[in-house]
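Thanks for coming. I will go through one model today, pockets to begin with and then the sheet. Please have a look at it before I start.

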Amino acid sequence: MTLERVVRPAGPYTLALCTKHSSDATRHLRDGTLTTTLRVGERVEVGSARQTLDGRVVLRAQSEEGFDRLRFVLAIDANHTEFLHRFARDPLIGEATRVFQGMRQLRLPTVAQTLLRAFCGQLIDSRRARELEVRIVRATTPRAEGTSLQAPPTCASFARYAPVRLRQLGLHARRAAALVRICRTVDLERLHGLPTSKAADFIERERGLGPWSAGVVCLEGLGRYERGLVGDLTLIKLMSRLRGRWVEGYETAELLEPYGEWSGLASLYLAMGFKHGLIPLPAAA
């Protein structure tokens, strides 16, 4: 049984911006409709979303719990109006907040999948990183019934494999060992119950992870905006252009510092602004 509900997002919201480049093993975007698998307790459900011309979003899910999970994944209720107002005249992201004002970070169905993305994303080539993530999810999770999509991975999905199997799929040996070890010893979904600072500290203490990984988990896994993507390659390139020299990853914390509790969302707007030429930059040497 499929249920349908039409909702109005809290604050500016553009589904097309939120779902750009969002397709992976657990979701796809076709003709303006995002279809995604969801974890609802022990069940796997399928949900979808499309936006109407008046800005409302049509949600489809298989249960009330499924609607709740779908709203979380879509960040429907994560009103960022304060962010847009506060930084409308910011010298770096001010223009991006006007051009992309309806953009929010799409979330992943499980924290385990976000952790996998953090490990895979340590590759320099983002395309290869996404291909690696898709390959591992397809190899470690079953296909959702009646779809071409995989069930979202959980800790158990990775814990039952030896690290060598993930290595065979392309993940670096140390990252594979760390992913399996974490998933065998920690219920990652419990991070939802921790303050952002403690959740981030937990991720950063793990071998093979760091501030960038903590930012990915907080932003895409927990739906928190307080932690920025320190060390993100796009931000490194941006700051290097601003400074006129190549900067190290840790230095991007200074770039994000002015945005405070909105650092995670600011990371997204900085990257989009840089890619679309909306940030004033000094002439290249």
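A definition before anything else: Ala, Val, Leu, Ile, Met, Phe, Trp, Tyr, Cys and Pro count as nonpolar, Asp, Glu, Lys and Arg as charged, and the others, Gly among them, as polar. What you are looking at is a predicted model, where local features need pLDDT of at least 70 and side-chain atom pairs count only at pLDDT 80 or more, while totals for chains, interfaces and linings use all residues. Residues are numbered from 1 along each chain as its sequence is written, and side-chain values use heavy atoms, with hydrogens and water left out.

Now the pockets. A pocket here is an open set of points on a 1 Å grid over the protein atoms alone, where a 1.4 Å probe fits and there is protein on both sides within 12 Å along at least five of seven lines; a lining residue has an atom within 4 Å of a point. Grid points are joined across faces, edges and corners, and the volume is the space filled by probe spheres set on the points.

The second largest pocket holds about 160 Å³ of space. Its lining consists of Phe119, Cys120, Leu123, Arg128, Glu131, Leu132, Arg135, Gly170, Leu171, His172 and Arg175. Two or more residues come from each of helix 5 and helix 6, and helix 6 gives the most, with four. Helices (H or I, at least four residues) and strands (E, at least two) are DSSP runs, numbered from the N terminus. By class, this lining has five nonpolar, two polar and four charged residues.

The largest pocket has about 1300 Å³. It is lined by 39 residues, of which Ser126, Arg130, Trp212, Asp232 and Lys275 are the closest to its centre. Among the elements giving two or more residues to that lining are helix 1, helix 5 (111-120), helix 6 (126-140) and helix 14 (263-275). The classes come out as 17 nonpolar, 11 polar and 11 charged.

On to the sheet. In what order do the five strands of the open sheet run? The order is 1-5-4-3-2, with antiparallel pairing; two strands pair if DSSP finds at least two bridges between them. Strand 1 (3-7) and strand 2 are at the edges with a single partner strand each, so one side of each has no neighbour in the sheet. Strand 1 pairs with strand 5 (residues 57-61) over five bridges, and arginine 5 stands opposite leucine 59 there. Helix 2 (residues 64-74) packs on the sheet, touching strands 1, 2, 3, 4 and 5, and its direction makes about 120° with that of strand 3. Those axes are lines fitted to C-alpha atoms, for helices over the stretch in contact, with angles from 0 to 180 degrees between N-to-C directions.

Glycine 47 sits in strand 4 (residues 43-51). Is glycine 47 buried or exposed? Glycine 47 is buried, at a relative accessible area of 1%; buried means under 20%, exposed over 50%, partly exposed in between, with a 1.4 Å probe and protein chains only. Beyond its neighbours within four places in sequence, glycine 47 contacts (heavy atoms within 4.5 Å) residues including Leu34, Arg60 and Leu70.

Most residues other than glycine have a negative phi. Histidine 21 has a positive phi near 60° and is exposed at 68%. Aspartate 31, in the loop between strand 2 and strand 3 (33-40), has a positive phi near 50° and is exposed at 84%.
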